Amino acid sequence: MKIKCVRTAIQRKQNSVVDRLNEIDGIDCVSAEGAMYAFPKVSIPEKAVQAADKEGIAPDTLYALSLLEETGICVVPASGFGQAEGRFGFRTTFLPAEDKIMSAIGEF
């Protein structure tokens with residue numbers, strides 16, 4: 001019974017995170033089957049891509065660092081996972097308490 005409750009809670013959090021991320025302009029996220037993280041794609045403006053290139057870092061790394069500096073939210077850049085050319089994004093977990101997750105997503 002407890003395992004079913006945990007699975008249900010994780011599924012509910014996943015759905016909430018994916019839905020909220022998809023409400024943000026420039027972010028596209030699909031459900032991660034069997035995982036405890038979301039892996040959204042982020043549209044990064046060309047000027048930001050150029051700024052990242054100038055710094056010698058991947059554009060999604062620049063996004064992740066900016067998000068951390070501006071909001072305190074830590075995500076993992078997708079470029080570390082062998083993304084297709086031109087795909088930028090990040091990985092984030094949805095294991096924290098629902099109220100904390102929903103509050104944090106508002107900061108993206």
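Trainee: How many helices and strands does the secondary structure of the protein come to?

Mentor: Keeping in mind that this is a predicted model, the secondary structure comes to 4 helices and 5 strands. Read along the sequence, these elements follow the pattern α-β-β-β-α-α-β-β-α.

Trainee: And what does the C-alpha trace span along its principal axes?

Mentor: The C-alpha trace spans about 55 × 25 × 20 Å along those axes. Of the 108 residues of the protein, 30% count as buried.

Trainee: Switching to pockets, what volume does the largest pocket have?

Mentor: The largest pocket has a volume of about 180 Å³. By class, its lining has 9 nonpolar, 2 polar and 1 charged residues, and the residues that line the pocket include Val17, Leu21, Ile73, Cys74, Thr92, Thr93, Lys100 and Phe108.

Trainee: Which elements each supply at least two residues of that lining?

Mentor: Those are helix α1 (2-22), strand β5 (90-93) and helix α4 (98-105). The largest share of the lining, 4 residues, comes from α4.

Trainee: OK, aromatics now. How many aromatic pairs does a search of the whole structure find?

Mentor: The search finds 2 aromatic pairs. In one of them, the rings of Phe39 and Phe81 have their centres 5.4 Å apart and their planes at 85°, so this pair is edge-to-face. The pair links distant parts of the chain, since Phe39 is in the loop between β2 (37-38) and β3 (41-42), while Phe81 is in the loop between β4 (76-77) and β5, 42 residues apart.

Trainee: Why does Phe39 count as partly exposed, and what about Phe81?

Mentor: Phe39 has 24% relative accessibility and therefore counts as partly exposed, because that class lies between the 20% and 50% cut-offs. Phe81 is partly exposed as well, with a relative accessible area of 36%.

Trainee: Which residues form the aromatic pair that is stacked?

Mentor: That pair is formed by Tyr63 and Phe90, with 5.8 Å centre to centre and 10° between the planes. Tyr63 lies in helix α3 (residues 59-71) and Phe90 in strand β5, so the pair ties together parts that are 27 residues apart in sequence.

Trainee: Is Phe90 buried or exposed?

Mentor: Phe90 is buried, with a relative accessible area of 0%.

Trainee: Where does the charged end of Arg91 sit?

Mentor: The charged end of Arg91 sits over the ring of Tyr37, at 4.6 Å from the centre of that ring.

Trainee: While we are on charges, which residue forms a salt bridge with Glu23?

Mentor: The partner of Glu23 is Arg20, and the closest N and O atoms of the two are 3.8 Å apart. The count for the structure comes to 1 salt bridge.

Conventions
Residues are numbered from 1 along each chain as its sequence is written. This is a predicted model: local features need pLDDT of at least 70, side-chain atom pairs count only at pLDDT 80 or more; totals for chains, interfaces and linings use all residues. Side-chain values use heavy atoms; hydrogens and water are left out. On a 1 Å grid over the protein atoms alone, a cavity is a set of points where a 1.4 Å probe fits but cannot get out, and a pocket is an open set with protein on both sides within 12 Å along at least five of seven lines; lining residues have an atom within 4 Å of a point. Grid points are joined across faces, edges and corners, and a volume is the space filled by probe spheres set on the points. Ala, Val, Leu, Ile, Met, Phe, Trp, Tyr, Cys and Pro count as nonpolar, Asp, Glu, Lys and Arg as charged, and the others, Gly among them, as polar. Rings of Phe, Tyr and Trp (its six-membered ring) pair if their centres lie within 6.5 Å; planes under 30 degrees apart count as stacked, over 60 as edge-to-face and the rest as tilted. Buried means under 20% relative accessible area, exposed over 50%, partly exposed in between (1.4 Å probe, protein chains only). A charge sits over a ring if NZ of Lys or CZ of Arg is within 6 Å of the ring centre and within 35 degrees of the ring normal. A salt bridge is a side-chain nitrogen of Lys or Arg within 4 Å of a carboxyl oxygen of Asp or Glu.
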